[in-house]
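Please open the model in your viewer and keep the selection tool at hand.

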Amino acid sequence: MEIPFIDRSLYLKGLLITAKRDNRLTNQEKNIIRKIAEKLGFASDFYEDTMKSMLANKYISDEPLKFSDPKIAESFISDAFRLALSDGNVCDAERVWLKRTAQLNNLNELWVDDQLSILKSANKNLSYNDFALLSII
């Protein structure tokens, strides 16, 4: 699937927003963002600079994101939950924001809850190299 540039930008922005929701950015989160940003075709200097300043950047809007295709939205939600779980816990701010984004993209709330449950139960065995994004590009 060819992902439009606007959706690639939203995907990366959404991961950054997800990571910012708990007011910290772990090394594992940085590594996940780097790997996905590379797959999306972003230059390393761009995403490295963005990660350096994102916690202090109050101008990054945290409005839910609307993707052009439900498959892209599903992939994003799955990868964002992986990102949130990489520090061992999905905080309420991360979960609520991702549910709002899923709702805006007309994704079934039960599907979202199932995704989180599946990822939580597999958290110890999750490979942070096996992203949902890879199944659609």
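Beyond its neighbours within four places in sequence, Lys 20 is in contact with Met 54, Leu 55, Asn 57, Lys 58 and Ile 60. In this predicted model, Lys 20 belongs to helix α1, which spans residues 5-20.

Next, select α1 and helix α4 (residues 70-85). The axes of the two helices come within 10 Å and cross at roughly 25°. Because angles under 35 degrees count as roughly parallel, α1 is described as roughly parallel to α4. The crossing is right-handed. To view the contact, show Asp 7, Tyr 11, Gly 14, Leu 15, Thr 18 and Ala 19 on α1. On α4, the contact is made by Ile 72, Ser 75, Phe 76, Asp 79, Ala 80, Leu 83 and Ala 84.

Then move to Ile 136, in the segment after α6 (109-121). Is Ile 136 buried or exposed? Its relative accessible area is 12%, so Ile 136 is buried. Leaving out its neighbours within four places in sequence, show the residues in contact with Ile 136: Met 1, Ile 3, Lys 71, Ile 72 and Ser 75. Of these, Ile 72 and Ser 75 also take part in the contact of α4 with α1.

Methods:
Residues are numbered from 1 along each chain as its sequence is written. This is a predicted model: local features need pLDDT of at least 70, side-chain atom pairs count only at pLDDT 80 or more; totals for chains, interfaces and linings use all residues. Side-chain values use heavy atoms; hydrogens and water are left out. Helices (H or I, at least four residues) and strands (E, at least two) are DSSP runs, numbered from the N terminus. Contact means heavy atoms within 4.5 Å. Buried means under 20% relative accessible area, exposed over 50%, partly exposed in between (1.4 Å probe, protein chains only). Axes are lines fitted to C-alpha atoms, for helices over the stretch in contact, and angles run from 0 to 180 degrees between N-to-C directions. Angles under 35 degrees count as roughly parallel, over 145 as roughly antiparallel, 65 to 115 as roughly perpendicular and the rest as oblique. A crossing is left-handed if the near helix is turned anticlockwise from the far one by less than a right angle, and right-handed if clockwise.
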